[in-house]
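Hi,

Here is the model I promised to pass on.

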Amino acid sequence: MLDTATTFDSDETRWVVPDEWGAAALPARGVGTPQPVVPDITAVAAQAGRLDTNRDRVQRRLDHTAEMGVTDLAEVGDAALHGIETCSPLGAAVLSLALDLLEHERLCAADAWVSERGLVFATEAAVLRASLYADPEPDPSTRLCAYVLRRHPHDRAGDAHDSDNLFRMRVFLAGAPEDEYRAAVARMGELRTAPGGAAIRVATSFLAPTEQHWTAEDFRDFAPGGDGYRSRFMLLTASVTSRTDLRTLLAGCHPNEYLYGEGESLLYTALTRFGPECAGAISRMLRYRDLGADQVAALARILSRFPTDEAFAALQSRIEHHRVAAALIDAAQRFPHRALRLLVPEAAGSPITRHLLRAVAHAHPNLTAQLPTVVGYAGSAQAAKATELPDVLRTPPWRQVRSSAEQVVIADLAPNAPDSLDWQPGERDEWGQTHVWISRIHERDWVGSLANALAAKPIADIDVVRMLAMAPAELVRPLLPKLRPDRLVNADDCLRRILGRFDEQALPFVLCAVRSNPANLADALAPVTGSTVTLMMIRWLDGKNTRTTALRWLDRHTLAALPILISTALAAPGKDRRYAQAALRLLAEGGRRGDVELAAAAFDERVAAAISAMLDANPVDQLPGRVPTIPKWLVPELLPVVSLRDAKSVLPASAARDACIMLAMCGPNGDYAGITQLIASTEPGSLAEFAWGVFEAWRLADYPPSGNWVLHALGLVGDDETARRLAPLIRTWADQSAPARAATGLNVLAALGTDVALIQLDDIAENAKHKSLRTKAKKKFAEVAAALDLTPNQLADRMAPEKFSGTGQDKMT
């Protein structure tokens with residue numbers, strides 16, 4: 001979302017290093033005034049404590065290294081182990097590596113070295129530590145993996161991950177007095193020759209960025225990236241002063257190497273030095289295909305800070321990635337004139353580009369006149385008068401005061417109906433013979449198996465429920481009244497068999513099981529009636545995963561449920577009253593109003609009048625218990641304008657806000673009645689574009705759960721263009737491990753129902769990369785075909801001409 005409270009420099013070409021970049025960058029000797037650094041006063045004691053704790057284990061590690069033939073490192077390490085105050089820099093380096101291998105968290109030794117032995121010693125120890133690594137080899141005496149301490153080969157720079165001491169020493173050297181720094185540089189110059197090697201040379205170039213001839217020599221003699229992933233050669237990113245060298249470094253490493261841990265500090269050090277000159281390199285990194293969403297966002301945020309066309313265009317080229325688009329919004333706010341110049345030419349063919357331009361205009365009203373009409377910004381269109389709006393937008397019911405005094409309450413109309421079973425002919429026998437798999441081990445000793453299972457396992461274990469379903473009746477019947485199952489999964493077949501075998505004796509057990517996991521087990525209550533299950537079902541009408549089951553139950557048991565529904569619908573205000581009223585309206589709309597009125601008349605005239613008045617009430621006034629509010633990620637003023645059908649005006653901002661609220665009140669379990677007025681009074685294409693604008697805002701916010709209604713809104717008011725835009729995103733969501741969102745996207749295509757939408761659905765069913773997505777798409781396509789009284793093949797044949805002609809704007813009927 002665009003932050004209109006933030007202000008930026010009016011000069012869109014001036015580059016200023018962001019404060020957070022400077023804080024993340026490494027200090028560089030020769031840049032700014034040296035800032036002395038004091039070693040951690042606890043470092044020496046911490047190192048001594050580590051030695052005392054791990055002395056014997058370090059000794060074994062050194063002994064094993066000697067046994068494997070690396071005696072020189074073992075000897076200097078042994079000397080350091082028994083005399084850290086007098087050891088050589090190489091000994092200190094060996095001891096540091098040996099200690100790091102024994103603990104999960106490495107402890108940087110640089111502070112202790114500086115405190116005890118001075119800057120030059122610490123610098124040499126850190127450089128030599130960079131030349132060492134631990135080689136995993138089997139220990140013949142234990143047959144376990146043991147590490148051998150070795151030197152890197154001459155042409156290997158080592159792993160950047162193992163560079164804690166170098167990073168810390170760079171801080172000390174950057175702030176050291178000039179004479180001490182020069183002494184350390186002189187010693188590093190000697191080390192580059194003897195013992196030399198890539199690891200030592202890269203380490204010294206990193207520690208002393210003032211010595212640019214060292215960096216040039218390293219580039220001449222070694223290939224960046226040649227060491228593989230996370231090569232220590234990338235440390236030179238913090239030392240190079242040549243744009244060409246920086247480009248070589250960034251191209252030789254995977255972008256992920258610079259986007260976490262030490263790599264981030266290296267990258268931001270280069271960014272603060274080179275600024276916008278890095279735009280090309282960052283743009284190339286952004287084009288890597290295997291970057292995660294967080295990595296894409298990090299690179300996009302970097303580009304958004306550069307005041308250049310090159311950086312802006314790099315973001316623009318990846319605008320369809322929602323994390324890039326979010327960064328582009330920030331860049332557009334920071335550089336609005338540049339945004340207008342570069343975005344306007346692309347506006348006609350890109351909804352997200354139009355969204356960005358509306359965001360720019362909203363933050364900078366003085367630029368509104370420069371927007372083309374196609375952008376659809378409300379600020380440049382003629383707003384409709386109140387008299388031109390549909391009733392639901394002229395006086396939104398949710399803005400009116402709702403008085404509880406208007407609600408008719410008739411308490412205690414009907415006593416609670418007991419739980420009972422209403423079997424259809426042959427149904428009980430069928431359920432009682434439901435196949436349930438059971439281990440033959442249990443069949444050999446039912447008594448012992450049941451006793452052991454009930455003693456050792458909670459009744460959430462499917463194996464226990466299987467035994468209850470299959471064991472002899474005389475063993476199970478006494479147990480059922482005592483058992484109350486916990487959350488069961490995939491136990492529907494077991495509950496059917498138990499209910500079929502034991503009838504009403506099993507009801508308390510089955511009701512408890514279903515109540516614990518209705519989404520998975522509600523079908524087991526198909527033959528059950530009574531007050532308890534009726535209230536459960538009307539609550540489940542509002543559930544995403546239980547509505548279908550509740551509708552089937554209500555259709556089967558309408559006459560038995562009506563007295564309970566009527567009594568609850570006229571009870572004191574509360575959730576159950578709303579649920580009961582919604583259920584009665586649903587029955588009336590489905591052709592059962594006569595049954596509802598007869599059941600109400602069976603009470604008395606007062607009840608009949610109250611129920612009739614409830615059913616005759618304006619459905620637009622029927623609101624959910626909690627009317628949704630506009631989420632923070634959605635700014636209605638940034639949405640495309642909605643044109644009225646019979647006027648040359650558009651919905652004003654307040655009406656657009658109310659339209660969002662109406663869309664948020666719609667969902668798979670029922671749509672707000674007022675939405676029909678909105679659809680009837682507005683131009684279909686502009687309303688579809690408005691809904692897509694809501695979707696783009698949701699996508700830019702990274703799909704927060706508060707906007708799960710947005711996809712349903714696309715299916716409600718979308719068009720063919722909606723289907724074309726959504727289909728590739730559905731495939732992307734499947735790739736991004738968002739299967740629920742992808743499945744909901746399939747529902748949108750089915751809800752749209754036009755030839756174009758169904759062609760997209762069929763194409764996903766046949767050609768999507770992920771098998772699970774293909775399966776769900778085929779199932780959804782089959783459901784659409786069945787609703788049209790067709791087979792999937794027949795529906796596909798009907799769509800064939802449109803598939804090849806590219807037409808098909810009408811809904812299948």
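To start with a question: by about how much of a helix are Glu 597 and Arg 593 separated in H31? About one helical turn, because the two are 4 residues apart in that helix, which covers residues 575-601. Before going on, keep in mind that this is a predicted model.

**Salt bridges**

Glu 597 and Arg 593 form a salt bridge, with 2.9 Å between the closest N and O atoms. Neither end is hidden away: Glu 597 has a relative accessible area of 34%, so it is partly exposed, and Arg 593 is partly exposed at 25%. There is also a network in which salt bridges with shared partners link Arg 192, Arg 201, Glu 217, Asp 218, Arg 220 and Asp 221.

In total the structure holds 45 salt bridges. Another of them joins Arg 151 to Asp 72, at 2.6 Å between the closest N and O atoms. Here a strand is tied to a helix, because Arg 151 belongs to S2 (residues 144-151) and Asp 72 to H3 (residues 71-82); the parts are 79 residues apart in sequence. Arg 151 is partly exposed, with a relative accessible area of 39%, and Asp 72 is partly exposed at 34%.

**Other charged side chains**

On the surface, Arg 243, Arg 247, Arg 284 and Arg 287 come together as a patch of positive charge. Of these, Arg 247 lies in helix H11, residues 243-252. Its relative accessibility is 35%, so Arg 247 counts as partly exposed.

Glu 427 is another case: its relative accessibility is 9%, so it counts as buried. Glu 427 lies in helix H20 (residues 427-432), and its side chain makes a polar contact of 2.6 Å with the side chain of Arg 556.

Two pairs may interest you if you are looking at contacts across the chain. Thr 210 and Arg 29 are 181 residues apart along the chain, yet their C-alpha atoms are separated by 6.4 Å. Thr 210 is found in the loop between H9 and H10 (212-221) and is partly exposed at 31% relative accessibility.

The other pair is Arg 399 and Val 627, which are 228 residues apart in sequence, with a C-alpha to C-alpha distance of 9.9 Å. Arg 399 is in the loop between helix H19 (391-394) and strand S3 (420-421), and it is partly exposed with a relative accessible area of 48%.

**Backbone details**

The loop between H19 and S3 also contains Asp 412. Phi of Asp 412 is near 55°, which is positive although the residue is not glycine. At 77% relative accessibility, Asp 412 counts as exposed. Asp 503 also has a positive phi, near 50°, and lies in the loop between H25 (492-502) and H26 (507-516).

Lastly, where is the cis peptide bond that has omega of about 10°? It joins Ala 194 and Pro 195. Pro 195 lies in the loop between helix H8 (178-193) and helix H9 (198-207).

Cheers

Methods. Residues numbered from 1 in each chain as written. Predicted model: local features only at pLDDT ≥ 70, side-chain atom pairs only at ≥ 80, totals over all residues. Heavy atoms only, no water. Patch = residues over 30% accessible without salt bridge, like charges linked within 9 Å, V, L, I, M, F, W, Y side chains within 5 Å. Areas by Shrake-Rupley, 256 points an atom, 1.4 Å probe, with all protein chains shown as cover. Salt bridge = Lys/Arg side-chain N within 4 Å of Asp/Glu carboxyl O. Lys, Arg positive; Asp, Glu negative; His and termini not counted. Charge placed at Lys NZ, Arg CZ, Asp CG, Glu CD. Buried < 20%, exposed > 50% of the residue type's maximum accessible area, 1.4 Å probe, protein only. Polar contact = N/O pair within 3.5 Å; in protein donor to acceptor, adjacent residues only side chain to side chain.
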